[in-house]
Amino acid sequence: MILVFKHFFYRNYVGLSVWPFIILKEGALRKDDVLINHERIHLKQQRELLIIPFYILYISEWLLRTVLYLDSYRAYQNISFEREAYANEDDMEYIFQRKPYSFVNYLMR
């Protein structure tokens, strides 16, 4: 289910996945197939990790990378979950052929 909350977002962020919702900054973004696919990859990651552990790992990895890079945005870009989603957001079939726990392959890249 896709929801729109324009005042929910910070800086350049336009989409967010919070199981089972995709939250967008603007209604027009519903037509952005790449963005929607990116967020669906996150929903798949959340489901396979039973939702709460996903958020714990996501935040933990972001905090660790923020300390390592001394830059919270660079840390966000290098979270394994984000790396997987960005690397495959253009592939509309990825969600169907993705192997479980594929984000692990992006931990050390």
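At 8% relative accessibility, Arg 98 counts as buried (under 20% relative accessible area, with a 1.4 Å probe and protein chains only). Keep in mind that this is a predicted model, where local features need pLDDT of at least 70, side-chain atom pairs count only at pLDDT 80 or more, and totals for chains, interfaces and linings use all residues. Residues are numbered from 1 along each chain as its sequence is written, and side-chain values use heavy atoms, leaving out hydrogens and water.

Call a salt bridge a side-chain nitrogen of Lys or Arg within 4 Å of a carboxyl oxygen of Asp or Glu, and the count comes to 3:

| Salt bridge | N to O distance |
|---|---|
| Arg 98 and Glu 48 | 2.8 Å |
| Arg 65 and Glu 61 | 2.9 Å |
| Arg 98 and Glu 84 | 2.4 Å |

Arg 98 lies in the segment after α5 and Glu 84 in helix α4, so that pair ties together parts 14 residues apart in sequence. Glu 84 is buried too, at 0% relative accessibility. Glu 48, Glu 84 and Arg 98 are linked in a salt-bridge network. Over in helix α2, Arg 65 and Glu 61 are 4 residues apart, which means about one helical turn separates them; both are buried.

Now for the largest pocket. It holds about 710 Å³ of space and has 28 lining residues, with Tyr 13, Leu 16, Tyr 58, Tyr 76 and Glu 82 nearest its centre. Helix α1 gives the most to that lining, with 6 residues. By class, you get 17 nonpolar, 7 polar and 4 charged residues in the lining.

Terms used:
1 Å grid on protein atoms, 1.4 Å probe; cavity = no way out; pocket = protein on both sides within 12 Å on 5 of 7 lines; lining within 4 Å. Points joined across faces, edges and corners; volume = space filled by probe spheres on them. Helix = DSSP H or I, 4+ residues; strand = E, 2+ residues; numbered from the N terminus. Nonpolar A, V, L, I, M, F, W, Y, C, P; charged D, E, K, R; others polar. Buried < 20%, exposed > 50% of the residue type's maximum accessible area, 1.4 Å probe, protein only.
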